[in-house]
Amino acid sequence: MEDQSAMQDNVEQQDVKITLHWLNKSRSQRILWLLEECELKYELKIYHRQPVGLAPPELKKIHPLGKSPVISIEADGLTKPLVLAESGVIVEYLIDHYGAHLAPKKWQVGREGKVGGETEEWLRYRYFMHYAEGTLMPFLVIALLMGNIRSKAPFLIRPISNAIVNNIDSLFLTPNFKSNWDFLEGQLATSPNEGKYLCGKYLTGADILMSFPLGAAKGRAGVTKEKYPLLWDYVERLESGDSYKRAVQKIIDIEGSYDAAL
């Protein structure tokens, strides 16, 4: 496999234009953070949700699903722009080419290529790259939908709809949120080398992916400083980073404000 640093040297010699198609109240903000963290030049195109909450139809001109985040890349040797969708795919691709510092060392010394020879930092990194969207985000999306039902159900059926939503909350969402927050608090308590991030001492692409669901959950869904002090401090740490703040300020400069909520 080609050495990642050599890959990045090759990329630096290319003429590359990256465009991020950013949608308000979406996962695209963490891609903006990644671009800032890697100190890349990029173009930012802003889209706004429709009154019903859906992405605007213009995004379907970029990708058939019309979702965000999406990036398009123009580079020497490409006959048409490379379009990448899905947060995890985008993060992995950009890290492969531009952000080696955001991926932990994969192999233990002397165990290269062996089953079980991976470092704990790398195994956590690979896990949380999938956990963010595969496990955690679905519960937050369901919670968002339940909140919409509470607030938007017709008045005459609201007692029935609220009773259904309350049951879903108490029997499904609340216990699953608790399991996940307990798990993450434990993961931070046992971070490799007494690190302050999920995968060890240093920020990784997995932390960037985790920033959106945890930022949305902070102060909601049972995440409080009193109950989960390590998790709370972790989110504060992510949000206090220079590149994170630059990404937020970029949106404030354009939009006038930034809202991390779903």
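**Figure 1. Lining of the second largest cavity, by residue class.** By class, six nonpolar, three polar and two charged residues make up the lining of the second largest cavity; Ala, Val, Leu, Ile, Met, Phe, Trp, Tyr, Cys and Pro count as nonpolar, Asp, Glu, Lys and Arg as charged, and the others, Gly among them, as polar. The model is predicted: local features need pLDDT of at least 70, side-chain atom pairs count only at pLDDT 80 or more, and totals for chains, interfaces and linings use all residues. Residues are numbered from 1 along each chain as its sequence is written, and side-chain values use heavy atoms, with hydrogens and water left out. The lining consists of W22, L23, N24, K25, S26, Q29, F212, Y258, D259, A260 and A261. On a 1 Å grid over the protein atoms alone, a cavity is a set of points where a 1.4 Å probe fits but cannot get out, and lining residues have an atom within 4 Å of a point. The space in this second largest cavity is about 40 Å³, a volume being the space filled by probe spheres set on the points, which are joined across faces, edges and corners.

**Figure 2. The largest cavity.** Two cavities of 30 Å³ or more occur in the structure, and the largest has a volume of about 80 Å³. Its lining comprises Q29, R30, W33, S211, F212, G215, A216, Y244, Y258 and A260. At least two lining residues come from each of α2 (28–37) and α6 (205–217); helices are DSSP runs (H or I, at least four residues), numbered from the N terminus. The largest contribution is that of α6, with four residues. Six nonpolar residues, three polar and one charged form this lining.

**Figure 3. The largest pocket.** The volume of the largest pocket is about 1000 Å³. Among its 36 lining residues, K25, R27, R49, G53 and K67 are the closest to the pocket centre. A pocket is an open set of points with protein on both sides within 12 Å along at least five of seven lines. Two or more lining residues are given by each of α3 (87–98) and α4 (120–152), and α4 gives the most, with nine. The lining divides into 17 nonpolar, eleven polar and eight charged residues.

**Figure 4. Helix α3.** The twelve residues of α3 reach 16 Å from first C-alpha to last, close to the 16 Å expected at 1.5 Å a residue; the expected span is 1.5 Å times one less than the number of residues. Buried residues (under 20% relative accessible area, 1.4 Å probe, protein chains only) of α3 are S87, I90, V91, L94, I95, H97 and Y98.

Note on methods. Buried means under 20% relative accessible area, exposed over 50%, partly exposed in between (1.4 Å probe, protein chains only).
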